[in-house]
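Subject: Structure for you to look at

Hello,

Here is the structure I said I would pass on. Please open it before reading the rest of this email.

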Amino acid sequence: MAGFRSYVWDPLLIVCQIVAMQCQFYVLLCTFVMVLTAIAHVQPTLAHILSSKLVSSWHHGWPVVFSYALCSLSGAFSLRYVVRRSKKCMDFTVTLFLFHTLLCTVVSGFPTCWQWWLLNVLTAGVMVVLGEWLCLRQEVSEIPIAVGATAGAGMSGKRAAAK
């Protein structure tokens, strides 16, 4: 029975949304790292994205920190367009950062730098809060109703015949 806000569980949609969020995250993170390391006159490497050790160094770490910050802001906007539900923003953000942590662990070992953990928790928090706010604004927006299309639909009897 279909009721108000009834949704069917669709695992393919969920997987596609996770893949879309992961792709967006890494494309933007790589782009921001490339731009900000060029500004800092530092050679960009894969370690800027997948290593926890560069975050603790100010010379090599500030492009990574600002890249993560910009990526979390843009990720919140992606949550609005990809996920579209404020209730699911935290789930998708935690999944994104969990996969990122697993990838970092596979590539460069388990992250032991406390600055890396703080950076990931803060950027995930910003992404969740801003993403939920953006999705909530979209959910509570007014639904436009076309008035001209239904003008004669409610008339009955003599009023409808008079027109």
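Below is what was found in it, from the whole chain down to single residues.

Please keep in mind that this is a predicted model.

The chain as a whole

The secondary structure consists of 6 helices and 0 strands. Along the sequence the order is therefore simply α-α-α-α-α-α. Of the 163 residues in the chain, 34% are buried. If you take the contacts with a separation of 6 or more, 74% of them are between residues 24 or more positions apart.

Helix α1

Helix α1 covers residues 11–39, which is 29 residues. From its first C-alpha to its last it reaches 42 Å, close to the 42 Å expected at 1.5 Å a residue. Its buried residues are Q17, M21, Q22, Q24, F25, Y26, L29, V33, L36 and T37. What covers them? The cover includes α2 (47–50), α3, α4 and α5 (114–139).

After α1 comes H41, with a positive phi near 55°. Most residues other than glycine have a negative phi. H41 is not a glycine, yet its phi is positive. H41 sits in the loop between α1 and α2, and it counts as exposed because its relative accessibility is 74%, over the 50% cut-off.

The loop between α3 and α4

This loop joins α3 (58–82) to α4 (89–108), and V83 is found in it. Is V83 buried or exposed? V83 counts as buried, because its relative accessibility is 5% and the cut-off is under 20%. Leaving out residues up to four places away in sequence, V83 touches Q17, S78, K88 and F92. Q17 is also one of the buried residues of α1. The C-alpha atoms of V83 and G131 are 9.4 Å apart, although 48 residues separate the two along the chain.

R84 lies in this loop too, between α3 and α4. R84 is another residue that is not a glycine but has a positive phi, in this case about 65°. At 49% relative accessibility, R84 counts as partly exposed, since exposed begins over 50%.

How α4 and α5 pack

The axes of α4 and α5 are 9 Å apart, and the two helices pack at an angle of about 155°. That angle makes α4 roughly antiparallel to α5, because angles over 145 degrees count as such. The crossing of α4 and α5 is right-handed.

Which residues meet there? From α4 they are C89, M90, T93, L96, F97, H100, T101 and C104. From α5 they are W116, W117, N120, T123, A124, M127, V128, G131, E132 and C135. G131, whose C-alpha atom is 9.4 Å from that of V83, is therefore among the α5 residues that meet α4.

Cysteines

A disulfide is a covalent bond between the sulfur atoms of two cysteines. How many disulfides does the structure hold? The number is 0. C104 counts as buried because its relative accessibility is 1%. C16, by contrast, counts as partly exposed, at 44%.

Regards

Conventions:
Residues are numbered from 1 along each chain as its sequence is written. This is a predicted model: local features need pLDDT of at least 70, side-chain atom pairs count only at pLDDT 80 or more; totals for chains, interfaces and linings use all residues. Side-chain values use heavy atoms; hydrogens and water are left out. A disulfide is a pair of cysteine sulfur atoms within 2.5 Å. Buried means under 20% relative accessible area, exposed over 50%, partly exposed in between (1.4 Å probe, protein chains only). Helices (H or I, at least four residues) and strands (E, at least two) are DSSP runs, numbered from the N terminus. Contact means heavy atoms within 4.5 Å. The expected span of a helix is 1.5 Å times one less than its number of residues. Axes are lines fitted to C-alpha atoms, for helices over the stretch in contact, and angles run from 0 to 180 degrees between N-to-C directions. Angles under 35 degrees count as roughly parallel, over 145 as roughly antiparallel, 65 to 115 as roughly perpendicular and the rest as oblique. A crossing is left-handed if the near helix is turned anticlockwise from the far one by less than a right angle, and right-handed if clockwise.
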